[in-house]
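Please keep the sequence and the 3D view at hand while reading.

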Amino acid sequence: MNVITNNQLKATIALAALQNVEDPEIGLNIVDLGLVYQLDFDGDTGKVYCTMTLTTRFCPMGESITHAAQEALKTCFGEEEIIVELSFDPPWNHEMISEAGREFLNEK
Amino acid sequence: MLAGMNDTESSNTTSHQVVLPFYGYASLAYLAATLLLVFSSNAFTGHYFHPHILAITHIMALGWGTMMILGASYQLVPVLIERKLYSSGMAFASFLLAGSGIPLLCFGFYVFDMGRPAQWGGWLILFSIVVYLLNLAISMAKSKEENVHAFFVFTAALWLLATVVVGLLLVYNFTYPLLSKSSLDYLPVHAHLGIAGWFLLLIIGVGSRLIPMFLISKYTNPRLLWWVYGLINGGLLAFIGLFLYSTNRALLLLPILAIAAALVSFVLFCYRSYQQRVRKKIEGPMQISLLSVLMLFLPLAFLAGILLLVVFGPVDSTALVTAYGFVILFGWITAIILGMTFKTLPFIVWNKVYHLLAGKHKTPNPKDLFSERVFGWMSIAYLVGFVLFCIGILAQNQVVLHAAAVLLLASSLLYNWNVIRLLLHKPALV
């Protein structure tokens with residue numbers, strides 16, 4: 001799934017960092033799982049907005065995943081304010097898993 | 001305890017402080033039941049209405065099955081209804097009430113004194129279920145989502161209430177003649193309210209949500225699940241009506257067929273979820289859980305056998321009835337709990353210990369928090385013990401029964417070892 005962004009270069013850095021965040025139940029990172037929807041960078045206010053979803057609303061691991069995403073983004077954008085927001089529009093489905101993610105799930 | 005829950009009250013998920021005591025209690029109840037099984041295995045060669053069998057049955061049904069399901073449902077209901085649980089305080093109150101009532105009731109059965117300990121125990125369990133039901137009702141009333149899984153869970157809780165009310169009436173009926181017949185005559189109604197109404201409906205309702213979720217399956221079919229819901233509830237109502245008001249026992253085959261059709265539909269649902277899964281590898285806990293789905297047919301086969309003996313008798317069906325109860329409590333219900341414990345508890349503990357460390361440090365995976373090797377030995381001890389015990393009941397062989405009971409005790413010790421290891425887990429950064 002393609003991530004919407006207003007800054008392709010910074011988004012590439014952010015996605016590399018977010019690839020270190022795993023869904024603990026599935027063991028796959030949240031980028032390949034298709035949980036990251038949008039990354040926006042506001043240079044004027046110094047804010048980084050990450051819009052993501054969870055595999056299910058009220059996912060018991062949701063707080064841990066969003067917290068880990070925030071911490072991962074801090075590693076590359078430590079000077080900026082990181083805002084992680086949840087969205088369920090559209091709700092996540094298995095079609096959002098990347099090819100690499102599918103290969104991982106086929107093997108694991 | 002409750003004051004300490006405030007830090008997680010803002011969270012969407014139910015606090016681990018509410019859920020973990022249920023897991024701990026249920027694990028100890030399984031240990032207690034298997035311990036009693038070793039000391040009372042001889043009782044299984046006689047009539048099932050034996051004080052020790054009644055005590056073991058209630059430890060398994062209430063202390064093990066119900067306590068585990070109540071705890072897990074407090075964690076899972078928010079996922080099903082997409083709404084926070086109404087009250088953690090009420091959830092903990094239900095734990096305290098049931099947790100103190102179950103030993104009293106089971107002690108009453110063990111010494112076969114249906115006086116105060118058993119009656120007080122029954123009342124405490126009843127209050128616990130009322131609190132559970134109210135908590136569910138308020139949580140669901142606030143939910144915008146109406147889905148088939150939530151209907152399963154809520155209806156199951158209503159049947160649980162009916163089971164406990166009838167059970168309490170039967171306890172009182174030993175001392176005061178409240179009912180027209182003896183308590184033994186009403187036992188099938190009490191047992192099946194619990195088996196089909198509570199356990200079957202709840203496990204199918206939750207399982208039909210969790211199995212596709214854990215397999216990452218593309219398959220959904222709420223329509224089929226509504227059929228399952230209708231068949232189980234319709235079958236159960238028909239069973240109660242026919243049992244109480246009809247003298248033609250052959251008619252009881254109709255509700256059995258309805259429940260059988262529901263089970264076949266649910267197995268079909270699980271099979272299609274399995275076929276259309278994205279995640280190919282099936283872990284040990286998931287394998288045991290899927291096995292438990294197939295184990296549903298074992299009690300059904302025994303039930304059909306009992307009915308045939310009753311209709312075409314006169315053949316003694318006592319051993320078959322005992323085996324029927326055993327395959328439900330120690331087979332299907334235990335298998336699903338043994339499997340699902342290690343699909344849920346490691347995540348609850350991981351969330352408790354690592355949720356603020358995730359992303360900052362490399363943390364272990366939830367499945368690394370328990371020993372897969374011990375889980376494997378536990379599964380073997382359980383499966384061999386279970387099959388041998390069934391053979392022991394049917395063959396009325398005391399040596400086989402005793403050996404099987406020892407194996408089941410070993411399974412519960414290994415299960416407890418892993419559960420305690422999880423509950424006492426301290427942060428270990430990789």
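## A loop residue in chain A

Setting aside neighbours within four places in sequence, Asn20(A) is in contact with Asn29(A) and Ala72(A). Two residues are in contact if their C-beta atoms, placed from the backbone, lie within 7 Å. Asn20(A) sits in the loop between helix H1 (8–18) and strand E2 (36–42) of chain A. Helices (H or I, at least four residues) and strands (E, at least two) are DSSP runs, numbered from the N terminus. The C-alpha atoms of Asn20(A) and Val31(A) are separated by 8.9 Å, and the two residues are 11 apart along the chain.

Asn20(A) has 16 other C-beta atoms within 10 Å, so it is partly exposed. The cut-offs are these: a residue is buried if 20 or more other C-beta atoms lie within 10 Å of its own, exposed if 12 or fewer, and partly exposed in between, with C-beta atoms placed from the backbone.

## Basis of the model

This is a predicted model: local features need pLDDT of at least 70, side-chain atom pairs count only at pLDDT 80 or more, and totals for chains, interfaces and linings use all residues. Residues are numbered from 1 along each chain as its sequence is written, while chains are lettered from A and ligands numbered from 1 in the order in which they are written.

## Where the chains meet

Chain A puts 25 residues into the contact, and chain B puts in 25 residues. On the side of chain A that touches chain B, the elements giving two or more residues are helix H2 (62–76) and helix H3 (99–107) of chain A. H2(A) gives the most, with 9 residues.

By class, this side of chain A has 11 nonpolar, 8 polar and 6 charged residues. Ala, Val, Leu, Ile, Met, Phe, Trp, Tyr, Cys and Pro count as nonpolar, Asp, Glu, Lys and Arg as charged, and the others, Gly among them, as polar.

## Backbone points to check

Chain A has a cis peptide bond from Asp89(A) to Pro90(A), with omega near 5°. Pro90(A) lies in the loop between strand E4 (81–86) and H3 of chain A.

In chain B, Phe112(B) is a residue other than glycine with a positive phi, near 50°. Its loop runs between helix H4 (88–110) and helix H5 (116–141) of chain B. Phe112(B) counts as partly exposed because it has 13 C-beta neighbours inside 10 Å. Gln396(B), not a glycine, also has a positive phi, of about 55°. Gln396(B) is found in the loop between helix H13 (372–395) and helix H14 (398–423) of chain B. With 14 other C-beta atoms within 10 Å, Gln396(B) is partly exposed.

## Helix pairs in chain B

Take helix H8 (residues 222–245) and helix H9 (residues 253–275) of chain B. Their axes come within 8 Å and cross at roughly 160°. Axes are lines fitted to C-alpha atoms, for helices over the stretch in contact, and angles run from 0 to 180 degrees between N-to-C directions. H8(B) is therefore roughly antiparallel to H9(B), a term for angles over 145 degrees. The crossing of H8(B) and H9(B) is left-handed: the near helix is turned anticlockwise from the far one by less than a right angle. Among the residues that meet are Leu224(B), Trp227(B) and Phe239(B) in H8(B), and Pro255(B), Phe266(B) and Phe269(B) in H9(B). The contact has 18 nonpolar, 3 polar and no charged residues.

Helix H6 (residues 148–175) and helix H7 (residues 183–215) of chain B pack at an angle of about 160°, with their axes 8 Å apart. H6(B) and H7(B) are therefore roughly antiparallel. Their crossing is left-handed. The contact of H6(B) with H7(B) has 17 nonpolar, 11 polar and 1 charged residues.

## The nonpolar core

Which residues have the most contacts inside the largest nonpolar core? They are Val153(B) and Phe389(B), in a core of 173 residues. A nonpolar core is a set of buried Ala, Val, Leu, Ile, Met, Phe, Trp, Tyr and Cys residues joined through C-beta atoms within 7 Å. Helix H12 (residues 318–354) of chain B supplies the largest share of this core, 22 residues. Not counting residues up to four places away in sequence, Phe389(B) touches Phe326(B), Phe330(B), Leu401(B), Ala404(B), Ala405(B) and Leu408(B).

## A buried tyrosine

Tyr30(B) lies in helix H2 (residues 16–39) of chain B. Tyr30(B) counts as buried because it has 30 C-beta neighbours inside 10 Å. Leaving aside neighbours within four places in sequence, Tyr30(B) is in contact with Trp64(B), Ser412(B) and Tyr415(B). The C-alpha atoms of Tyr30(B) and Leu408(B) are separated by 9.6 Å, with the residues 378 apart along the chain.

Key. Angles under 35 degrees count as roughly parallel, over 145 as roughly antiparallel, 65 to 115 as roughly perpendicular and the rest as oblique.
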